[in-house]
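Hi,

Here is the structure I promised to pass on. Have a look at it first, and then read my notes below.

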Amino acid sequence: VVVDRLTCRVAGDYQANAIWRLPIEGRLEGGRLEARQAGERFVVAAGGEGRAKVAWEGVERALGQRAFALRQVVSRSLKRHDTITYANLLCWPAAESPAPSLERLGETAWLVRGLGGPALVAAGGGVEGLIETDAAMLRLDGASLALVGARRCRVAGREVWRSAEAVNVELHADGRVVVVAGEGCWVSSPAAGELAVTAGAAKSALRLDLRAGQTRLRSTAPAGLAEAFAATLDRAVAKAGQGAGDGTGDGAAAPARWRYDGVRAAVPVPVAAISSDLACVPGRSSPVDKLIDGNARTSMVSAMWPDGQAPTVTFDLGRPIALSRIGVHSWDGLDGCALGAIAVELSPSDTPDGFQPARAVTGEPVPGERDIARVRQIDLSQAPRARFVRMRFTPLQEKGRVYLSEVVFQPDPTTEGVLTDINDVVVHDLDGDGRGEVLVAGSDHRLHCLDAEGRRLWTFTAEDLMQDVWAGEIQGETAIFAGSEDGRLYRLDTKGQERWRARTYDYQPRDYETGGIRCLTVAALTPGSEPVVIVGADNWHLSLFSTDGKELRRCYFYSHESTFLDVGDLDGDGAMEIFQGTSFAHVNWFDSKAETSTFVWNGIGPAAAGVIADLDGDGRGEMVGVGQQGLAASSLEKAVLWRVDTGSPQTCVVKVDLDGDGRQEVVSGGKNGFLWALGDAGREVWCRNAGDSVNALLVLTLPGTARPMLLSAGDDGAVTAWDAAGRRLASLAIGRQVVRLAAGDLDGDG
């Protein structure tokens, strides 16, 4: 049982997050998370405060490197000395046993049930009416009492321990005593007899000469402990259910107008490695030390095979499914590439036999590279369905080693329906009737078009998952541009028919660049010029396309991939510059012709979002980026005009004139649930607690109003409206994590 307690020093609005990261996906039921790995069952059961949520977090590369997170969130106003207490039970129960639970008995005491018998745990003292002690922590079950840092303890009114110094001690019902008395000193006794020093007495921090018998530690436990332990546990079970609640206080959910479920998916596909020939390899360097299942996408094996060996691993997908591709990651500590040829065999039967060859790929070394994460994508889109996958790995050099760190299975979303992400949402009036249509880009390879009532009008299917969408008026007609993970740019008409497609530059100096389009926008960069499509991708280049699909130019920048794009006038000459975020620790800006890029190290880490905003009203925009370390503003002349550390990674930012003075402010949202409104020189305009991790922000100016309104949304599944002064106006409960916001006139009322 892990207990975390936070005490408020300064009164105010706070959000606290307890985050447990796992390398496998789990299933949340109430406040309990369950996961299975290699046939074993793992449970995290909450007994303290916090609203439990689960989400994927982390950096995605190629087919995805992720960590699964259980988050326990508390958001409320605190007075000085108020506390927030988390308590979590981590356990490995039997596969078919009842679900374990952690029930609160008091401020810092809990009852554990479902693990073969009740147990009592407490932190920072005893349990009122049950146990009196000065121990920092205690654990009581029917067989033993464990005390940490204890000088005294009474159970059921009886003294069971007293010592002159604080010790860690186990008292067993059969009379055995085990004491940890300082650094390296373990003292134990049989059911009766003298204490026996088993290690390190001379280094005891208690300065006790145990060898000479000059100790006041009890040599045997008092009689009758079994009865005292049982009576105390019976009283604890009777008291359970009378402790404090979880304090979440969630309100009733307001109804949404409609919900579209066309991108949602079926059940996850479990993946488990069922066999490998590693045990047959003599003199192996290390065993398979990580084996992960229960995840819809990934199974991992971490192992190093010795020189010259060609290992084989068989994976069980649980049922015959269609695979889109397999990604293989290896980490190379040698010159060049340690992992060479890979052969994939598939078997559709219910037993791991009858394998047929499917694909074979061969790696090439990168001269002079060291410690590079190698990722290969093996296309299986034309292969038959299979339940079992057998992979053979061969080192690149004749006597080289094979070091395999991860195997990623990506099922075909068009037939298996396992990918559920909605990557972008856009609202635009496509047919000119005054009512907006909704465009939804999904990981199911499709772009969905919905009418104002949420009914599907049409669907366009690409060759890979859709990432970003733009819709607007171009040269007197409505155009739709969409980018996909395989680097293709599509132009569609208002009926979802493809006008043309183009391919971004296929530049892959590392195996883990996919070339996938991450962001796009459309703008006329110089006065009187035709608009161009600006594309940022995972290929180290910014690309410009004409509206008829011709690549006009591309410009190299030093980073792996783009994270956002914005255009604005940075020097006041009327031409638009391009502001770009990257997955590396900097941002870039490009001139109006996109012929040169300028590296800007602004100190915020990988940039999640950014805008060009005229904060000081001089007619020249400043570049404001948000990332791991807060917000930073830059200009053409200075890399960092100002920087604000918000204490939490920032996820989104918008520009808006909050006070109507003609100068723009920026509002950002972060993972700690706070909104920051900042003006010129980083001046704080206001700061508000939105309640949970903020994923999206939107600025609206409604008809008949002079001041703008802000919308925020995030992990708590609510969309909240704020006025320009940061006052909360209203909130709509969606019930699921919100990742994107878009706005438009759906009913034609203006």
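Predicted model: local features only at pLDDT ≥ 70, side-chain atom pairs only at ≥ 80, totals over all residues.

Residues are numbered from 1 along each chain as its sequence is written, and side-chain values use heavy atoms, with hydrogens and water left out.

**Salt bridges**

The structure holds 23 salt bridges. One of them joins R488 to D486, with the closest N and O atoms 2.6 Å apart. For burial I use relative accessible area: buried means under 20%, exposed over 50%, and partly exposed in between (1.4 Å probe, protein chains only). On that scale D486 is buried at 13%, whereas R488 is partly exposed at 23%. Salt bridges with shared partners tie E463, D486, R488, E498 and R501 into one network.

Within that network, E463 and R501 meet through their side chains at 2.7 Å, N to O. Strands and helices here are DSSP runs (E, at least two residues, for strands; H or I, at least four, for helices), numbered from the N terminus. With that in hand, E463 sits in the loop between β33 (456–461) and β34 (466–474), and R501 is in strand β37 (residues 498–503), so the pair links distant parts of the chain, 38 residues apart. Both ends are partly exposed: E463 has a relative accessible area of 47%, and R501 has 37%.

Another salt bridge is formed by R491 and E477, at 3.2 Å, N to O. It also links distant parts of the chain, with R491 in strand β36 (residues 488–492) and E477 in strand β35 (residues 477–484), 14 residues apart. Is R491 buried or exposed? At 3% relative accessibility, R491 counts as buried, while E477 is partly exposed at 31%.

Two strands count as paired if DSSP finds at least two bridges between them. β36 and β37 pair in the antiparallel sense over 5 bridges, and R491 stands opposite W500 in β37. The two strands form a hairpin with 5 residues between them. In the turn, G496 has a positive phi of about 80 degrees.

β1 pairs with strand β8 (residues 83–91) in the antiparallel sense over 6 bridges, and N88 in β8 is the bridge partner of V2.

The sheet with β50 is also open and antiparallel, with 4 strands in the order β50-β51-β52-β53. Here β50 (650–656) and β53 (684–689) are the edge strands, each pairing on one side only. Its neighbouring strands are turned by 15 degrees on average, again with direction ignored. β50 runs antiparallel to strand β51 (residues 665–670), with 6 bridges between them. V656 has E665 as its bridge partner in β51, and K655 stands opposite V666. Of the 7 residues of β50, 5 are buried, so this strand is largely enclosed by the rest of the structure.

**A surface patch, and the cysteines**

F584, F599 and W601 make up a nonpolar patch on the surface, with about 310 Å² of accessible area together. Patches take residues with over 30% relative accessible area and no salt bridge, joining nonpolar side chains (Val, Leu, Ile, Met, Phe, Trp, Tyr) within 5 Å and like charges within 9 Å. Areas come from the Shrake-Rupley method with a 1.4 Å probe, and for residues only the protein chains shown count as cover. F584 lies in the loop between β43 (577–582) and β44 (587–590) and is partly exposed at 33%.

How many disulfides are there? Taking a disulfide as a pair of cysteine sulfur atoms within 2.5 Å, the count comes to 0. As for individual cysteines, C91 is buried at 4%, and C519 is buried at 6%.

Cheers

Conventions: Axes fitted to C-alpha atoms, helices over the stretch in contact; angles between N-to-C directions. Salt bridge = Lys/Arg side-chain N within 4 Å of Asp/Glu carboxyl O.
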